[in-house]
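I opened my notebook to look through this structure piece by piece. Below is what I looked up, in the order I did it.

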Amino acid sequence: MLAALDISAIDDLFSDLPAEVRLNRALDLPLGMPEMELDRHVRALAEQNRNLTQLVSFLGAGVYDRFIPAAVGEILRRAEFYTSYTPYQPEVSQGTLQAIWEFQSLVATLYGLDVAQASLYDGATAAAEAVMVAVAETGRTSVVVARSVDPQVRGVIRTYARGRPLAIQELPLARDLSDLNALGRLLSQETAALVIQQPSFLGAIEPVAEMVEMAHRQGALAVVVADPIAHAWLEPPGAYGADLAVGEGQGLGVPPSFGGPYVGLMAAREGLVRRLPGRIVGATVDVDGKSGFVLTLQTREQHIRRQRATSNICTNQGLIALAATVYMSLLGPEGLRRVALLSHEGAQDLKARLLALPGVSALGPAPTFYEFAVNLPRPAALVNQELLAKGFIGGRALGDDYPELGPGSWLLAVTEKRSAAEIAAFADAVGAVL
Amino acid sequence: MTNIFEESRPGRLGVQLPPTRTEAPAGIPKEALRAELPWPELSEPQVVRHFVRLSRMNHAIDVGFYPLGSCTMKYNPKINEEMARLAGFAWLHPLQPEETVQGALQLMWELEQDLAELTGMDQVSLQPAAGAQGEQTGILMIKAYHQSRGDLERTEVLIPDAAHGTNPATASLAGFEVVEVKSDQRGGVDLTELRAKLGPKTAAVMLTNPSTLGIFEDNIVEIARLTHEAGGLLYYDGANLNAILGKCRPGDTGFDVVHVNLHKTFSTPHGGGGPGSGPVGVKAHLAPFLPGPTVGRDGDRFHLVPGGPQSIGQVRSFYGNFGMHLRAYTYIRSLGRDGLTEVAEDAVLNANYLLHLVKDLMSVPYERLAKHEFVVGLPRAIKDRTGVRTLDVAKRLLDFGIHSPTVYFPLIVEEAMMIEPTETESKETLDAFAAVLAQVLEEAVTDPELVKTAPHTTPVRRLDEARAARQPILRYRP
């Protein structure tokens, strides 16, 4: 190859690098490892962690220890899926394109809305992008975000809002639910969007229909952060008039993986489709009349519209959206309802056991689904430390994110993976450390 | 092929689950419950067969050559996949106590250090979920930096005309006006135009080096000097870092902030369009603005460090795409300091060799050394005589089991074809590609209809994109 190029050394190919910018030393990195040694090295790091198959976890707060059917992992290991890229050449990308179209169909159906796009980085960025859609649609610059929305989601919305002259107002809590009187005062003709979460970050079933109606009365768009598992049972956001629904898809067949990769879900009513961020797949036909799929409505996107694009998104979460699609296909309506109900039953059981302990009280009277908050008579962070010594990962100590709830406030999640015996043992352990 | 909704039959279930004790959730008002969930009902074998069939309709790196310029479609080592699935990583909750995730934090800390060394930066955040989000993070930090100095009049970001579309989209979403800078006759940034456009309104200059033309910007030191003299900061789009690993570092050439695409340079799989990962690195003067948390080290203990008071805040939940961090870490440890330099050498050798093979077939807009990729155009003589366009050539390549290069980008080259072979392709693959391209160009002359109506052997043929956009069918309807 060098001879064909008429050069004597590879370094001649770097002669266009000016001398003053060259790195004239070896990189300060370890030497490479043969695969056997590498395998041992990385495994040793993994073994320094104590994972969810070793500890019994009641921690949720947006990420859940759910069962993943083996078929999901098997499909994800198909190299035709994971070693391909964005389907720029649809003739050789029908597998990816059809899977995304099926993902869009499942998500739109789950949320009861007209359309869904091809996925976003995670639930938090999906919510931030939805806010941007509402701002563009209304031309308004104020956004009301409920404090009962996941603190991670609120944080990302605040960061995205740095790009624009946007004012973000927080809707306070009244005990375990959003304060509707305060909402009435915060909403105005300047409000672009109201962002709420169902069930709330604290696990409570919020009066979402009423909140959406209040937003609409002021001409604001309603964005609902909607947990996909609980929505096996809960009224879909589209049914009570939400303009956009977004959510974290991690619970749909994706391991917690220390925070990612996950998949953001986004669905909207028809009228907003040309404002949506990221990829969208549409059905069409080829020159022979055979049905097929393509990336469509691309004039929204950065590679065509450049600085006038609706978002800068290029890559989405293709493979994780595929995982969710396979998971949703395996479970179907009955399987999803069962997973949600098993989780709910476990949570109700744990809640009753904890509330029977002296000094433990509920955050409030609102019904909860599979996650709920209680007040402990001791700081939750200390309780968690003592539970870890007994092999449990306790709930999320809420005091840092919600100082108004106090250091004893504690958020617990129960999934279908938690057995009745584990729940009983955990409740006993909590009783022992209080 | 039928879709999962059409394949549905009532009563089927693709997973065995324990029975529930109750019929419906307790204590939730009836009006808060949904009436139906019209999802398909399928058995496990049905689902598996459906998706395996779909997979067979995809081209992929593990199937054949994928010279998609600017995307660095290199081989994805299998050890990375195996490590990512270890329970000790895959089954970690991001909010677990720190003492139970020391291995994961150590891995992230080491990756931060390695990326800082590879890019010549002082500090790194792994949080951005993709290259475009890395850009957004970098530009928001630049905005916060100027604001922290009370320098509020900097409203413009300068971007070369050859740049990726994400650059102007990012600048605009961060609230800046985009000012385009033309390329000069040699394919580099036009310095005269750059001087004219830099000024007290300049917040930043965004640059990809090597550029999207695959050319190393040899005026980079002067560009950095001019940008800094004007009070602006220099942003490095790391899409093309693969070409210069171990040879030259953006931080040593005057860049203030970089993003790195782990799914390009560091071999994490592209996944049919994500997940990616786009860590950002900064020089010390931008470190206070990094998104939190990052990873700190205290002796042999590792801990999460929240963003400081000047941080732009978080751009994504938790710590980014950890699964991608661990694949990239595995790749970096596999190759090590010498191997990573060889990556750049072999990538550049492959690109120059392939350019040598095709330069007499195609028109070459810039006669310069290529780095990791190069851009050629369809010869005007062929287009004028036969009506065959670059798109047609791209589609015909699909018939030979080769993914098309990137086409019609960058926008400044007519009938452009951007070819990036990567270092993981053999000489035989490059020779075969050149031979196929020669054959297709000959067909363009002898049988233009064959090329214009290509592809002929793919699962579907050319699709009606206009119809898809005019009458959008974006979901299944019964």
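**Entry 1: chain A as a whole.** I started with burial in chain A. Of its 434 residues, 63% count as buried. Here a residue is buried if 20 or more other C-beta atoms lie within 10 Å of its own, exposed if 12 or fewer, and partly exposed in between, with C-beta atoms placed from the backbone. I noted that this is a predicted model: local features need pLDDT of at least 70, side-chain atom pairs count only at pLDDT 80 or more, and totals for chains, interfaces and linings use all residues. Residues are numbered from 1 along each chain as its sequence is written, while chains are lettered from A and ligands numbered from 1 in the order in which they are written.

Next I listed the elements. Chain A has 12 helices and 17 strands. These are DSSP runs numbered from the N terminus: helices are H or I with at least four residues, strands are E with at least two. The radius of gyration of chain A is 25 Å, close to the 22 Å from the globule rule for 434 residues, so chain A is as compact as a globular protein of that length. The radius is taken over C-alpha atoms, and the rule is 2.2 Å times the number of residues to the power 0.38. Along the principal axes, the C-alpha atoms of chain A fill a box of roughly 85 × 55 × 50 Å.

I then checked contacts. Two residues are in contact if their C-beta atoms, placed from the backbone, lie within 7 Å. In chain A, 72% of the contacts with a separation of 6 or more join residues 24 or more positions apart.

**Entry 2: domains of chain A.** The assignment gives domain 1 (56-68 + 332-433) and domain 2 (70-326). Such bounds come from an automatic or database domain assignment. The two domain centres in chain A, taken over C-alpha atoms, are 27 Å apart.

**Entry 3: a sheet in chain A.** I found an open sheet of seven strands with mixed pairing, in the order β2-β10-β9-β8-β7-β3-β4 (chain A). Its edge strands are β2 (115-116) and β4 (167-171) of chain A. Strands pair if DSSP finds at least two bridges between them. Strand β3 (residues 142-146) of chain A runs parallel to β4(A), with five bridges.

**Entry 4: chain B.** Which strand does β8 (residues 294-298) of chain B pair with in the antiparallel sense over five bridges? The partner is β9 (residues 301-305) of chain B. B:Val295 has B:Leu304 as its bridge partner. β8(B) and β9(B) form a hairpin with two residues between them, and B:Gly299 in the turn has a positive phi of about 65 degrees.

I also looked at a three-stranded open sheet, β10-β12-β11 (chain B), with antiparallel pairing. Four bridges join β10(B) to β12 (residues 416-419) of chain B. Among the pairs, B:Phe374 meets B:Ile419.

**Entry 5: where the chains meet.** I counted 159 residues of chain B in contact with 155 residues of chain A. Helix α9 (residues 322-358) of chain B gives the largest share of chain B's side, 19 residues. The model scores ipTM 0.97 and pTM 0.98.
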